[in-house]
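I opened the model and kept a running log of what I looked up. My entries follow in the order I made them.

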Amino acid sequence: MLIVGTANTAPGLVDGMAALRDGASATDAVEVALRAVESNPEDDSVGLGGLPNLLGQVELDASIMEGTGLRAGAVGALAGFLHPISVARKVMELLPHVLLVGEGAARFARETGAETGELLTEASLTKYRERLGASGVLAAVETDDPEVPLYRLLQQHMHYRPGGTANVIARDREGRLACGVTTSGWAFKYPGRLGDSPIIGAGGYADDRYGAAACTGLGEVALRLCTAHSLVRSLAAGQSADEACAAALQEAQELPLGMPFVLNILALDAQGRQAFWSTKGPEARYLSLGPEEDQPQSLPASGLPTAG
């Protein structure tokens with residue numbers, strides 16, 4: 001048994017490992033762990049307290065995937081619900097679909113009894129007002145001035161924080177794998193924007209035969225390269241978790257994106273060997289918790305920082 005996650009998943013990993021010790025599946029452990037992260041108002045990149053889009057609305061994305069049978073579910077641009085990871089799991093279990101977005105995702109969440117709540121906290125609202133008010137963007141948004149297209153307003157905030165996500169990958173006592181991703185996405189994004197988090201194969205992918213992978217950072221990079229799926233296919237071809245992460249990171253760094261970016265890649269192979277690579281190098285960290293440990297270990301990433 002093993003559970004690994006991004007640096008913001010500490011409380012959740014403890015809960016997830018407790019579930020694994022009690023005989024829960026990898027999928028259960030991932031959901032339990034990420035629900036705890038989504039409930040943390042101190043994390044402004046996930047769930048409650050997440051930073052809003054340009055219009056001041058918090059839109060959440062999440063996905064979950066089982067390595068057994070490659071079942072998956074995801075939601076995007078979901079507003080007003082506290083636990084998108086649980087709604088994503090319901091999509092996987094109750095629908096013939098994989099991904100629901102916007103009002104359709106909200107309708108399904110209501111139908112399945114998902115917990116509602118106000119996601120925008122005072123702390124996040126203050127950050128929104130301070131950032132957008134200082135540049136004059138907030139005034140244009142509040143007056144809904146048709147002469148100022150939102151896409152032009154977005155360009156003033158492209159580099160504020162285009163990343164911020166929680167990833168968890170678990171391996172249960174049966175050797176089954178599952179991965180989950182949850183986020184409030186790019187801070188002050190264009191309404192309706194989806195990053196890699198709800199896209200199976202981009203933000204996360206799991207296959208019991210080979211391993212699982214998940215990404216954080218600039219989602220547009222992982223979207224364009226299908227990074228999570230590409231990494232798992234590298235595991236299938238015989239590469240180690242470290243080799244597969246290194247290859248995926250190298251491919252990302254060669255992408256002609258035209259802007260600085262961060263990409264972090266977390267991987268766990270079918271034998272339970274883990275790896276974490278980042279464009280930030282060892283400055284970035286991830287968490288790992290085994291069955292005999294009480295608290296997660298904080299471990300440094302591998303990888304060379306992006307030039308410039």
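**Entry: the contact of H1 with H2**

I started with the residues that touch between these two helices. The model is predicted. On the H1 side I listed Pro11, Gly12, Leu13, Asp15, Gly16 and Leu20. On the H2 side they meet Ala26, Ala29, Val32, Ala33 and Ala36. I then sorted the residues of this contact by type, and found 8 nonpolar, 2 polar and 1 charged.

Next I took the axes. H1 covers residues 10-21 and H2 covers residues 26-38. Their axes come within 7 Å and cross at roughly 155 degrees. Angles over 145 degrees count as roughly antiparallel, so H1 is roughly antiparallel to H2. I noted the crossing of H1 and H2 as right-handed.

Is S5 mostly covered or mostly open? I checked its residues, 166-171, and 5 of the 6 are buried. I put S5 down as mostly covered.

Then I looked for its partners. S1, residues 2-6, pairs with S5 over 4 bridges, in the antiparallel sense. Here I found Gly5 standing opposite Val168 of S5. S6, residues 177-183, is joined to S5 by 6 bridges. These two strands also run antiparallel. Arg171 has Leu177 in S6 as its bridge partner.

I followed the chain through the hairpin of S5 and S6. There are 5 residues between the strands. Gly175 in this hairpin takes a positive phi near 85 degrees.

I looked at one pair in detail. S9, residues 263-269, is joined to S10 by 5 bridges, and the two run antiparallel. Ala267 has Ala275 in S10 as its bridge partner.

**Entry: Ala222**

I placed Ala222 in helix H8. Is Ala222 buried or exposed? Its relative accessibility is 0%, so Ala222 counts as buried.

Then I listed its contacts, leaving aside neighbours within four places in sequence. Ala222 is in contact with Asp196, Ala202, Cys215, Thr227 and Leu263. Ala222 and Thr6 are 216 residues apart in sequence, and 16 Å apart in space, C-alpha to C-alpha.

I checked Cys226 next. Cys226 lies in the loop between H8 (219-225) and H9. Its phi is positive, about 50 degrees, although Cys226 is not a glycine. At 41% relative accessibility, I put Cys226 down as partly exposed.

Ala77 also went into this entry. Its phi is positive too, about 50 degrees, and Ala77 is not a glycine. I found Ala77 in strand S3, residues 72-78. At 13% relative accessibility, Ala77 falls under the 20% cut-off, so Ala77 counts as buried.

**Entry: Pro282**

Where does Pro282 sit? I found Pro282 in the loop between S10 and S11 (285-289). Its relative accessibility is 53%, so Pro282 counts as exposed; the cut-off for that is over 50%.

Last, I took the distance to Gly117. Pro282 and Gly117 are 165 residues apart in sequence, and 37 Å apart in space, C-alpha to C-alpha.

Conventions:
Residues are numbered from 1 along each chain as its sequence is written. This is a predicted model: local features need pLDDT of at least 70, side-chain atom pairs count only at pLDDT 80 or more; totals for chains, interfaces and linings use all residues. Side-chain values use heavy atoms; hydrogens and water are left out. Two strands pair if DSSP finds at least two bridges between them. Buried means under 20% relative accessible area, exposed over 50%, partly exposed in between (1.4 Å probe, protein chains only). Axes are lines fitted to C-alpha atoms, for helices over the stretch in contact, and angles run from 0 to 180 degrees between N-to-C directions. Angles under 35 degrees count as roughly parallel, over 145 as roughly antiparallel, 65 to 115 as roughly perpendicular and the rest as oblique. A crossing is left-handed if the near helix is turned anticlockwise from the far one by less than a right angle, and right-handed if clockwise. Contact means heavy atoms within 4.5 Å. Ala, Val, Leu, Ile, Met, Phe, Trp, Tyr, Cys and Pro count as nonpolar, Asp, Glu, Lys and Arg as charged, and the others, Gly among them, as polar.
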